[in-house]
Protein chains: 2
Amino acid sequence: MKRSEEFYNLMNKRRSVRTFSSEPVPMDVIKNIVNTAGTAPSGAHTEPWTFVVVTSMDVKQKIRAIIEEEEEINYKKRMGKVWTTDLKPLRTTWIKEYLTEAPCLILLFKQMYSFREDNKKKLHYYNEQSTSIAGGFLLTAIHYAGLVSLTSTPLNSGPALRALLGRPSSEKLTLLFPVGYPSKDCLVPDLERKPVDQIMVEV
Amino acid sequence: MKRSEEFYNLMNKRRSVRTFSSEPVPMDVIKNIVNTAGTAPSGAHTEPWTFVVVTSMDVKQKIRAIIEEEEEINYKKRMGKVWTTDLKPLRTTWIKEYLTEAPCLILLFKQMYSFREDNKKKLHYYNEQSTSIAGGFLLTAIHYAGLVSLTSTPLNSGPALRALLGRPSSEKLTLLFPVGYPSKDCLVPDLERKPVDQIMVEV
């Protein structure tokens, strides 16, 4: 009981952060966080995930250019009024400064298949769900370590990012997490969470 | 650094468990675990998840009957040799004793949309990914509290389970987790996890 409450209180302090300090994060901490994500369960134990950790400013700038170009089209053309209205409380735009400000970006790719030793294709069952669950483990580990992040889904930028980072065609970008410390003047939207009786049903 | 290592060491002890003791879990612990899952991020803060917590033996038996009927067809007909061979190391069959043995089942439904106060449909962006990420939070909370679970995806049983539990058609079953303590004679398959250099790429 005490343990379950302690973990809830800790995780309840987590917020998605959009402005980062440039203070670097030790690579050993990143490795522990990625290793923790790797303890997630996966369909038939296929472990269908690749975590690409980017700390090079040059590569971060290239990633930002790709994403902002697509996002500008998303906001201005592809997405309707409903979508942009729904996003208003979050005050997001297509300008993504966090992509170069954060000391580290973690790009999570799902592996749709791999190859066995005999070169036969090995299917990765439930790779979408497994990879997102591992993303959940990654976020709890980031928060437990005293770092902050933002869960993002770079719409339509997946193929260009995959090419930039040299990942094989068996992989698809699922999620992108900037990781670091919050900036001094960091603001987060004043959102409330649903109480337990709105998300839980007892039978 | 110490914190990130501590959490990795703790989470690395997690294993998927398939045989449960019938010892009940206090509902307050379950509530803390579900609340922790509810701290997960979601697309445009839609919190598109419903956690149905089943402790009634009668309902657990009905759930088991639905799933075993579908699973027998999955194993015998729907799925090919590759799938059943891939599952062999896990020694799973269509008999799912854990569905009635575990004191508690948590069925995680994704909400594809909801209704605003003015009765207009509110779309839930990325509800699949958000719900699976919340499933990741749920699993870390279960493990942190000293409990065990199994991540399962009841193939083709979703609609019947949705009807049994009276969930609306805007919801779809994503994951099912039995939760409890391991049985005394509990065995887990001897699986290894990929080392960090196989899941992480530095750029």
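The model is predicted, so local features need pLDDT of at least 70 and side-chain atom pairs count only at pLDDT 80 or more, while totals for chains, interfaces and linings use all residues. Residues are numbered from 1 along each chain as its sequence is written, chains are lettered from A and ligands numbered from 1 in the order in which they are written, and side-chain values use heavy atoms, with hydrogens and water left out.

**Nonpolar core**

- A nonpolar core is a set of buried Ala, Val, Leu, Ile, Met, Phe, Trp, Tyr and Cys residues joined through side-chain atoms within 4.5 Å; buried means under 20% relative accessible area, exposed over 50%, and partly exposed in between, with a 1.4 Å probe and protein chains only.
- The largest nonpolar core has 60 residues, of which Phe51(A), Ile106(A), Val34(B), Phe51(B) and Ile106(B) touch the most other members.
- Beyond its neighbours within four places in sequence, Val34(B) is in contact (heavy atoms within 4.5 Å) with residues including Val196(A), Ile199(A), Met200(A) and Phe51(B).

**Two buried residues**

- Lys96(B) sits in the loop between helix H4 (81–87) and helix H5 (98–101) of chain B; helices (H or I, at least four residues) and strands (E, at least two) are DSSP runs numbered from the N terminus.
- Lys96(B) has a relative accessible area of 8%, so Lys96(B) is buried.
- Leaving aside neighbours within four places in sequence, the contacts of Lys96(B) include Arg64(B), Glu68(B) and Glu71(B).
- Leu161(B), in helix H7 (residues 158–164) of chain B, counts as buried at 0% relative accessibility.
- Not counting residues up to four places away in sequence, Leu161(B) touches Ile63(B), Ile66(B), Ile67(B), Leu107(B), Pro154(B) and Leu173(B).

**Lining of the largest cavity**

- Helix H6 (127–144) and strand E5 (148–149) of chain A each supply at least two residues of this lining, and H6(A) gives the most, with three residues.
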